[in-house]
Structures are given as C-alpha cells and as structure tokens.
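Me: Can you walk me through this one? I'd like to start with the strands.

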Amino acid sequence: DGSPAWQARASSEILAAPAVTGDLVAVRSGDARIFGLAAADGKRRWVYQRSTPSLALRSNVGVTLTERALYAGFPGGKLVAVALNNGAAQWEATVALPRGTTELERIADVASEPVVTGDSVCAVAYQGRVACFDTDNGRLQWARDISSIAGLDIGSRHLYVTDEKGTVQAFDRSSGASLWKQDKLFMRGVSRPLAIGSPLGSYVAVADYQGVVHLLSGEDGAFAA
C-alpha cells in the first residue's frame, strides 16, 4: 500500500542507491562503510569498513552485487570483493597506486561502480588505471593507464571508458588492447558509457552536461545518432 516497511540507519550520509540481491540489501555510506541489511525487515547483518585517505573525491559511487559476492572500489585505488553472508573481505586488489608529492596529486579513487562480466570484474580509478581482475581470487588480468570518475561498461567484445576530459575510449575486453578513442565530446561532462547490443550492431550511449545523448558505434567510435 506504499507505507514504509522498515527503516535502517547508516553511519553517515548515503549518496548512492542501495543494491539488492536475494534477501540482502547493501548500502554504502559516505564514510566508506558498507552495510548488509535483511531485505525483509532491515536488520543489520554485517558492516564492512576500511580506512580512507585524508583527501578523497566526493562521489555517488555505490556497490556492485552478484549472486557470489559484493564488489566495491575505494579511495586509494583499491577494489574489494566482500562475502555476502558475513561481510568479510574475500580479496583485495589494486586498481591504481597513488602517485605524486601532494595530497591532490595522490588522489587515486575508484569513484564509479565496478562492472562484472563472466569471470572478470573491472574498475577504473581517477588519476590511475582501468583494470580487470579474476572474480575468484582478484588476480590481475590486464590494466591500462587512464583517469576517470564517470565509469565504464562492458559489451560483448569491448570495454568502454569515459575519461576525465570527456573522451570515450574502447579496449579489447580480453587483452586490454586500445581499439579507438572518440574525443569530439571534449570537456562536455560526458557520462558513464552504456553498451548497447542490437541486431544492427553494437553501440555505446553517453550523455553530456546539456542533456544530449550521443550514440557511438561500438566498433570504431564514430557518431551514429
């Protein structure tokens, strides 16, 4: 009937939508804590917590839930797989290492949700890299230097990333080889790419700060619509 079923309190502000799988609701708070709640009544099952650098990007990054694990990126360039039953870390991997001498230069945050496909989980960091890891053990499969806060998506054969300057780039999904770049949306506040498959071919959709959605060819990055 639309009345509240339950409420649960996190430790600080919540900037991202909760993620749900089965009877588990996972919600991330602004202090880098992840809460596992029962979908039926909101009771807290577990909390995953880690320390964060003194300076981090303010972002609305959430978590990625699968039937096997929860995947989340953190400030400092870390990607963590968390067990669904008790919130324990299964493995931790490094997407990017902070570099530079000042706190600003050393920001290397994973500021967008990881993407899982098959046996791979991929993430991208600001002032860092895009990298794919084995979902079972966190072993690095490949990595390429790029800086992004918008995020990535994965199609049938390619991985697509929007970098910090609005360039959309495509990489080979299995090897990480660079395939194409579309830089004609320079500094237009380009969103995370969305891979779209259709009988007519593969496409990538991105939106810009003016509310325009651009459709790119998934094969060469040319404007399609």
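Me: How many bridges join β2 to strand β3?
Reply: This is a predicted model, so take what follows as computed from it. There are 5 bridges between β2 and strand β3, which covers residues 34-38. The two strands run antiparallel.

Me: Which residue is the bridge partner of Arg-28 in β3?
Reply: Ile-34.

Me: And what does the turn between β2 and β3 look like?
Reply: The two strands form a hairpin with 5 residues between them. Ala-32 sits in that turn and has a positive phi of about 70°.

Me: What about the other partner, strand β1: how many bridges does it share with β2?
Reply: Strand β1, residues 19-21, pairs with β2 over 3 bridges. The sense is antiparallel. Val-20 has Val-25 as its bridge partner in β2. These strands also make a hairpin, with 2 residues between them. Gly-22 in the turn has a positive phi of about 60°.

Me: Is strand β2 largely enclosed or open?
Reply: Strand β2 (residues 24-28) is largely enclosed by the rest of the structure, because 5 of its 5 residues are buried.

Me: Which way do the residues of β2 point?
Reply: Leu-24, Ala-26 and Arg-28 point one way. Val-25 and Val-27 point the other way. All of them are buried. In a regular strand, side chains alternate between the two faces of the sheet.

Me: Back to Arg-28. Which ring does it lie over?
Reply: Arg-28 lies over the face of Phe-74, at 4.5 Å from the ring centre. Arg-50 lies over the face of Phe-74 too, at 5.2 Å from the ring centre.

Me: Phe-74 falls in strand β6, residues 70-74. Which strand do the 5 bridges join it to?
Reply: Strand β7, residues 78-82, and the two run antiparallel. Leu-70 has Val-82 as its bridge partner in β7.

Me: What order do the strands of that open sheet take?
Reply: The order is β5-β6-β7-β8, so named for its 4 strands, with antiparallel pairing. The edge strands are β5 (64-65) and β8 (89-94). Each of those pairs on one side only.

Me: New topic. How many aromatic pairs does the structure hold?
Reply: It holds 4. One of them is Trp-142 with Phe-171. That pair is tilted, at 6.2 Å centre to centre and 35° between the planes.

Me: Where do Trp-142 and Phe-171 lie?
Reply: Trp-142 lies in strand β12 (residues 140-146) and Phe-171 in strand β15. The pair therefore ties together parts that are 29 residues apart in sequence.

Me: Are they buried or exposed?
Reply: Trp-142 is buried, with a relative accessible area of 4%. Phe-171 is buried as well, at 3%.

Me: What about Tyr-160 and Trp-180?
Reply: Their ring centres are 5.9 Å apart and their planes are at 40°, so this pair is tilted. Tyr-160 lies in strand β14 and Trp-180 in strand β16, so the pair ties together parts 20 residues apart in sequence. Both residues are buried.

Me: How does β15 pair with β14 and with β16?
Reply: β14 (residues 158-162) pairs with β15 over 5 bridges. β15 pairs with β16 (residues 178-182) over 4 bridges. Both pairings are antiparallel. Val-161 stands opposite Gln-169 in β15, and Val-168 stands opposite Gln-182 in β16.

Me: How many residues of β15 are buried?
Reply: 4 of its 5 residues, with the strand mostly covered.

Terms used: Residues are numbered from 1 along each chain as its sequence is written. This is a predicted model: local features need pLDDT of at least 70, side-chain atom pairs count only at pLDDT 80 or more; totals for chains, interfaces and linings use all residues. Side-chain values use heavy atoms; hydrogens and water are left out. Two strands pair if DSSP finds at least two bridges between them. Buried means under 20% relative accessible area, exposed over 50%, partly exposed in between (1.4 Å probe, protein chains only). Rings of Phe, Tyr and Trp (its six-membered ring) pair if their centres lie within 6.5 Å; planes under 30 degrees apart count as stacked, over 60 as edge-to-face and the rest as tilted. A charge sits over a ring if NZ of Lys or CZ of Arg is within 6 Å of the ring centre and within 35 degrees of the ring normal.
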